[in-house]
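The structure is shown first, and the description follows.

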Amino acid sequence: MKSTKKKKKLLILGGSSLLAYLWIKQVNKIYNIYITKHKTLINYRGLKTIGIDIFSKNSLRQLLETYDIDIVLNCIGYTNIEACEKNPVEAFKLNSYLPSIIANACNSTNTKLIHISTDHLFDSKNVLYSEDDEVNLLNVYAKSKYEGELEVLTNCQSALICRTNFFGYGPPHKKSFSEWIEESARNNKKIVLFKDVYINPVSGKNLAFYAHKLLKNNFSGIFNISSNKKISKFEFGKILCHKLNIPSSSIIPGSIDDREDLVNRPKSMALSNAKLTKAIGNENLDIEIQIMSILKK
């Protein structure tokens, strides 16, 4: 006998983003999904697309009530670090002011909120940063994203804020970091990956799984969603190619110190997942398992 349990409704803000694409692939069978319109035309799996003035508190509140939305996922963000530095007003508008509007609307309609933050909030110490560590904000992007966190917590205390770094196979209009590495390696195209910039990312599909698991168990506040091991971007590229069984000889180690054209940014963005692990149980958060997860169709 088929279950007659009604699917919950998930509204994704920033529906044309890489993360939205990965998120939808993971939870499409579980939720009725709605996405907001964007200048990039999208049509993921025939999902309902909604036009809205996202900066209008009343319009967003009305949308949540009209469609009886259960969960909002905020994927909207100004993520280009160099662009943020050149356009700080736009950066704070999208990364700080907009989250306050979204959080306020969710709070007033009793709608659950998942807000995607960043792993760029610290400095270059040789540690895994916890949710309670003091931030060290090196650029406009980091400052605007952190202020966005504060706005979300102020306006919607029940919100779940995910600090994270993710990867996976994106849509045609939005190639990911991992796809760029794979494509370059397959074509024997020389690329330089930093040996002195450290991350511990998860796959986009697992990010969605972990976040919804936290939400289902009524967790709120800030959670790091990250893999276990701190690795350099160069190491990540090598592991990815190994798992794909393709040559990695075209991947060259380099130093971010040689890139004087880049805005100042942290060398270590590795996040402790101790709080996450305690909350959701013994999920396998090894980086190799995360990479293998994107290879499963």
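Two strands pair if DSSP finds at least two bridges between them. Helices (H or I, at least four residues) and strands (E, at least two) are DSSP runs, numbered from the N terminus. This is a predicted model, in which local features need pLDDT of at least 70 and side-chain atom pairs count only at pLDDT 80 or more, while totals for chains, interfaces and linings use all residues. Residues are numbered from 1 along each chain as its sequence is written, and side-chain values use heavy atoms, with hydrogens and water left out.

An open sheet is formed by seven strands in the order E3-E2-E1-E4-E5-E6-E11, and the pairing is parallel. The edges are taken by strand E3 (48-50) and strand E11 (221-225); each has a single partner strand, so one side of each is left without a neighbour in the sheet. On average, neighbouring strands of this sheet are turned by 25° against each other, direction ignored. Axes here are lines fitted to C-alpha atoms, for helices over the stretch in contact, and angles run from 0 to 180 degrees between N-to-C directions.

Strand E6 (residues 160-164) pairs with E11 in the parallel sense over five bridges. Within this pairing, Cys-162 stands opposite Phe-223 in E11, and Thr-164 has Ile-225 of E11 as its bridge partner.

Is E11 mostly covered or mostly open? E11 is mostly covered, as five of its five residues are buried; buried means under 20% relative accessible area, exposed over 50%, and partly exposed in between (1.4 Å probe, protein chains only). Helix H5 (residues 140-155) lies across strand E5 (112-116), E6 and E11, and runs at about 160° to E6.

## Helix H1 and its partner H7

Helix H1 is largely enclosed by the rest of the structure, because seven of its ten residues are buried. These are Leu-18, Leu-19, Ala-20, Leu-22, Trp-23, Ile-24 and Val-27. The buried residues of H1 pack against strand E1 (9-13), strand E2 (32-36), strand E4 (71-74), E5, strand E7 (166-167) and H7. Contact means heavy atoms within 4.5 Å.

Helix H1 (residues 18-27) packs against helix H7 (residues 204-216) at an angle of about 65°, and their axes are 8 Å apart. From H1 the contact involves Leu-19, Leu-22, Trp-23, Gln-26 and Val-27, and from H7 it involves Gly-204, Lys-205, Leu-207, Ala-208, Phe-209, Ala-211 and His-212. By class, this contact has eight nonpolar, three polar and one charged residues. Ala, Val, Leu, Ile, Met, Phe, Trp, Tyr, Cys and Pro count as nonpolar, Asp, Glu, Lys and Arg as charged, and the others, Gly among them, as polar.

## Helices H8 and H10

Helix H8 (residues 233-244) and helix H10 (residues 287-295) pack with their axes 10 Å apart, at an angle of about 50°. Phe-236, Ile-239, Leu-240, Lys-243 and Leu-244 in H8 meet Ile-287, Glu-288, Ile-291, Met-292 and Leu-295 in H10. By class, the contact of H8 with H10 has eight nonpolar, no polar and two charged residues.

## A buried glutamate

Glu-182 is found in helix H6 (residues 177-186), and with a relative accessible area of 12% Glu-182 is buried. Leaving aside its neighbours within four places in sequence, Glu-182 is in contact with Tyr-169, Leu-240, Leu-244 and Ile-246. Glu-182 and Ile-246 are 64 residues apart in sequence, and their C-alpha atoms are 8.3 Å apart in space.
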